[in-house]
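Subject: Structure handover and notes

Hi,

My notes follow below it.

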Amino acid sequence: MKRKILLTVAVILMVMLSACGMSEEKIGTALSNINNEYQSGTYEQAQTEIVKLEKVTKKMTDEQKSKYDELKPLIEYATQKS
């Protein structure tokens with residue numbers, strides 16, 4: 001159990017550090033990945049991507065921000081229920 005928590009914390013920290021330099025294209029790719037992961041039922045991976053994108057919401061286009069705002073509550077709900 002401790003390993004799982006440590007691994008999760010390590011992944012989140014790595015994602016947060018790598019999110020600082022995301023371009024619009026990388027944000028778009030991340031949003032597509034989130035949508036695909038949500039559709040395939042891999043909610044924890046999608047949640048990791050959501051955490052990654054939280055740091056760059058100011059860099060998002062209006063369309064990207066809209067898609068992010070649509071997916072975030074769905075993934076958070078699915079993660080809690082799974």
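Which helices do the buried residues of H4 pack against? They pack against helix H2 (24-40) and helix H3 (43-54). Helices here are DSSP runs (H or I, at least four residues), numbered from the N terminus.

First, the ground rules. This is a predicted model, so local features need pLDDT of at least 70, side-chain atom pairs count only at pLDDT 80 or more, and totals for chains, interfaces and linings use all residues. Residues are numbered from 1 along each chain as its sequence is written, and side-chain values use heavy atoms, with hydrogens and water left out.

**Helix H4**

H4 covers residues 62-81, which makes 20 residues. From first C-alpha to last, H4 reaches 29 Å. That is close to the 28 Å expected at 1.5 Å a residue. (The expected span is 1.5 Å times one less than the number of residues.)

Gln64, Tyr68, Leu71, Ile75 and Ala78 are the buried residues to look at in H4. Buried means under 20% relative accessible area, exposed means over 50%, and partly exposed lies in between (1.4 Å probe, protein chains only). An α-helix has 3.6 residues a turn, so residues three or four places apart point the same way.

**H2 against H4**

The axes of H2 and H4 come within 10 Å and cross at roughly 35°. Axes are lines fitted to C-alpha atoms, for helices over the stretch in contact, with angles from 0 to 180 degrees between N-to-C directions. The H2 and H4 crossing is left-handed. By that I mean the near helix is turned anticlockwise from the far one by less than a right angle; clockwise would be right-handed.

On the H2 side, the contact uses Glu24, Ile27, Gly28, Leu31, Ile34, Asn35 and Tyr38. On the H4 side, Gln64, Lys67, Tyr68, Leu71, Leu74, Ile75 and Ala78 take part. Contact means heavy atoms within 4.5 Å. The residues of this contact divide into nine nonpolar, three polar and two charged. Ala, Val, Leu, Ile, Met, Phe, Trp, Tyr, Cys and Pro count as nonpolar; Asp, Glu, Lys and Arg as charged; the others, Gly among them, as polar.

Take Ile27 in helix H2. Ile27 counts as buried because its relative accessibility is 0%. Leaving aside neighbours within four places in sequence, Ile27 is in contact with Met22, Leu53, Val56, Lys59, Met60 and Gln64. Ile27 and Gln64 are 37 residues apart along the chain, yet their C-alpha atoms are separated by 7.8 Å.

**Helix H3**

H3 has 12 residues. Its reach from first C-alpha to last is 16 Å, close to the 16 Å expected at 1.5 Å a residue. Ala46, Gln47, Glu49, Ile50, Val51, Lys52 and Leu53 are buried in H3.

Gln47 is found in H3. Gln47 counts as buried because its relative accessibility is 18%. Not counting residues up to four places away in sequence, Gln47 touches Ile75, Glu76 and Thr79.

Thr42 lies in the loop between H2 and H3. Thr42 is partly exposed, with a relative accessible area of 29%. Thr42 and Thr79 are 37 residues apart in sequence and 9.0 Å apart in space, C-alpha to C-alpha.

**Salt bridges**

How many salt bridges are there? The count comes to three. The rule is a side-chain nitrogen of Lys or Arg within 4 Å of a carboxyl oxygen of Asp or Glu.

- Lys72 and Glu54 meet at 3.5 Å, N to O. Lys72 lies in H4 and Glu54 in H3, so the pair ties together parts that are 18 residues apart in sequence. Lys72 is partly exposed at 23% relative accessibility, and Glu54 is partly exposed at 35%.
- Lys65 pairs with Asp69, the closest N and O atoms being 3.3 Å apart. The two are four residues apart in H4, so about one helical turn separates them. Lys65 is partly exposed at 30%, as is Asp69 at 40%.
- Glu70 pairs with Lys67, the closest N and O atoms being 3.8 Å apart. These two are three residues apart in H4, so about one helical turn separates them. Glu70 is partly exposed at 44%, and Lys67 is partly exposed at 28%.

Best wishes
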